[in-house]
Amino acid sequence: MNDTDNQPGPAGGGNGARVLRIRDLVKSFGERRILDGISLDVSQGEVLVVIGPSGCGKSTLLRCLNGLEPIDSGEIELKGEVITRPGTDWNRVRQRVGMVFQNYELFPHLNVLGNVLLGPVKVQRRKRPEAERDALSWLERVGLADRASSFPRQLSGGQKQRVAIVRALTMSPEIMLFDEVTASLDPEMVREVLDVMLGLARQGLTMIIVTHEMAFARAVADRIIFMDEGAIVEQSAPDGFFESPESERARRFLNIFEFSEKRRE
Amino acid sequence: MDLDFVIACAPLFAASAWLTVSLAFWGIALSLALGLLAALAGYYRVPILRRAAGAYIELARNTPLMIQLFFLYYGLPRLGILLEGRTCAVIGLTFLGGAYMAEAFRGGLTAVGRTQIEAGLSLGLNRVQLLRHVILPQALAVAIPVICATAIFLMKETSVFSIVALPDLMYLAKDLLKEGHSTESNLMLVLSYLVIILPVSLLFAWLERRARFAGFGS
């Protein structure tokens with residue numbers, strides 16, 4: 001990726017300035033309560049990894065943070081600005097919150113450069129030549145400079161996901177949300193995407209990552225959030241969490257991975 | 001086969017063909033605009049417009065063009081609205097075509113996945129930008145085969161224009177048939193339609209290939 005790759009370990013928990021503050025976030029789909037009072041702070045440069053069983057609400061949590069899901073109650077603050085009041089200009093907030101999806105969601109009718117430039121040029125009204133230079137340098141950093149004029153259907157899953165990450169990054173977001181971004185990838189392509197994310201983490205980008213890649217979670221996270229049934233059950237430093245989880249539910253959850261890993265061998 | 005007759009009549013057919021083409025062009029162009037508006041009214045669930053669009057589509061699709069023209073040309077003057085034959089033709093074709101085009105666009109719009117829209121929203125695109133840069137291009141690519149088929153259908157529908165006293169191809173052929181020379185007239189009629197519609201068909205085939213190329217599949 002770049003020279004910051006050689007720095008030892010992740011940036012180490014951020015520098016304290018708070019980027020995101022979530023209080024008592026509640027979200028239901030009909031009768032079903034998906035998020036049951038989530039409170040969480042994320043500081044500048046911190047890498048937060050959210051894990052937990054399917055349906056525990058982790059993806060919904062991310063989607064609430066950029067307004068793709070309206071919340072029922074609670075409060076979200078982005079750099080001191082409450083973004084959950086009625087009348088919030090989500091188009092403006094979303095420029096500050098980058099999102100990468102499980103299924104890439106590149107725009108199939110635009111080539112790689114077109115995908116990456118849509119936000120900076122149309123939304124942020126940046127000058128095209130300058131935005132293009134920026135985009136190309138990002139593409140180069142993720143190893144895709146030569147695919148700038150390719151269309152999404154000509155790319156592998158791993159390449160598509162790297163483009164999707166660049167598409168979010170060129171907006172210069174204050175925080176990046178990754179929603180199970182390797183879950184749809186063939187195993188041999190997972191690594192290339194995780195490497196990009198690890199590089200970003202080491203550069204000090206503030207990130208919230210929802211993933212089932214436990215080894216990656218341990219390597220990249222400053223803090224692990226374990227969620228179950230819409231609530232945060234446990235949060236701790238990665239080594240502590242993976243070696244001796246405090247809660248019974250986290251232990252059981254990690255055991256499932258143990259088991260499946262043993263079976264695979 | 002009377003070649004002299006064919007040669008003598010060729011300019012007449014050319015003039016009528018040109019009239020047919022120009023009326024069809026305007027009818028198709030306006031159909032596209034009307035169809036897109038009607039489809040968008042449905043897509044965005046615009047309160048009253050959405051119902052109006054639905055009613056319009058049913059009305060236009062379920063009545064023959066000939067009856068619609070009859071109404072415009074012979075019915076409206078009784079209400080004090082006098083329209084020229086050409087105007088009637090273009091309005092009639094647009095009224096009919098708009099409904100089919102609306103259905104074509106609707107098919108395209110519903111084919112654009114919710115997750116694509118979310119991806120656009122996540123970049124901070126507003127509603128207009130989202131429509132223009134994400135939804136419409138993809139919807140159009142899906143709708144193009146139906147749009148092309150509809151355009152060709154509309155070109156053929158022009159053959160009823162003679163009832164509003166327009167000297168189009170059909171009108172001319174009927175005129176000539178009265179004077180005998182039925183084989184030649186019929187042949188030239190068929191040829192004329194072929195000559196104007198075949199290039200359009202080929203153009204659309206090319207367009208469809210382009211649309212397929214532009215997109216789609218993973």
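Modeller: The model is a predicted one, and I shall begin with the chain as a whole. Of the 265 residues in chain A, 54% are buried. The chain is built from 9 helices and 10 strands. Its C-alpha atoms occupy a box of roughly 55 × 50 × 35 Å along the principal axes. Because a compact globule of 265 residues would have a radius of gyration near 18 Å, the value of 18 Å for chain A agrees with that expectation. The contacts tell us how the sequence is brought together: among those in chain A between residues at least 6 apart in sequence, 68% join residues at least 24 apart.

S236(A) lies in strand β10, which covers residues 231–236 of chain A. Is S236(A) buried or exposed? Its relative accessible area is 15%, and since buried means under 20%, S236(A) counts as buried. Leaving aside neighbours within four places in sequence, S236(A) is in contact with R223(A), I224(A) and F241(A).

We may now turn to the part you asked about, the contact between the two chains. Chain B contributes 23 residues to this contact and chain A contributes 24 residues. The area buried between chain B and chain A is about 2100 Å², and carbon and sulfur atoms give 57% of that area. On the side of chain B, S122(B), L123(B) and H133(B) together supply 29% of the area that this chain buries against chain A, more than any other three residues.

The polar side of the contact can be described in the following way. Between chain B and chain A there are 7 residue pairs in polar contact, with both residues at pLDDT 80 or more. The elements of chain B that give two or more residues to the side touching chain A are α5 (114–122) and α6 (127–157). The largest share of that side, 8 residues, comes from α5(B). Sorted by class, the side of chain B that touches chain A has 9 nonpolar, 12 polar and 2 charged residues.

Finally, how many salt bridges are there between chain B and chain A? The count is 1 salt bridge. In this salt bridge the side chain of E118(B) meets that of R63(A), with 2.7 Å from N to O.

Notes:
Residues are numbered from 1 along each chain as its sequence is written. Chains are lettered from A and ligands numbered from 1 in the order in which they are written. This is a predicted model: local features need pLDDT of at least 70, side-chain atom pairs count only at pLDDT 80 or more; totals for chains, interfaces and linings use all residues. Side-chain values use heavy atoms; hydrogens and water are left out. Contact means heavy atoms within 4.5 Å. Buried area is the accessible area (1.4 Å probe) that two parts lose on being put together, summed over both. A salt bridge is a side-chain nitrogen of Lys or Arg within 4 Å of a carboxyl oxygen of Asp or Glu. A polar contact is a pair of N or O atoms within 3.5 Å; within protein, one must be able to donate a hydrogen and the other to accept it, and residues adjacent in sequence count only if both atoms are side-chain atoms. Helices (H or I, at least four residues) and strands (E, at least two) are DSSP runs, numbered from the N terminus. Ala, Val, Leu, Ile, Met, Phe, Trp, Tyr, Cys and Pro count as nonpolar, Asp, Glu, Lys and Arg as charged, and the others, Gly among them, as polar. Buried means under 20% relative accessible area, exposed over 50%, partly exposed in between (1.4 Å probe, protein chains only). The radius of gyration is taken over C-alpha atoms; the globule rule is 2.2 Å times the number of residues to the power 0.38.
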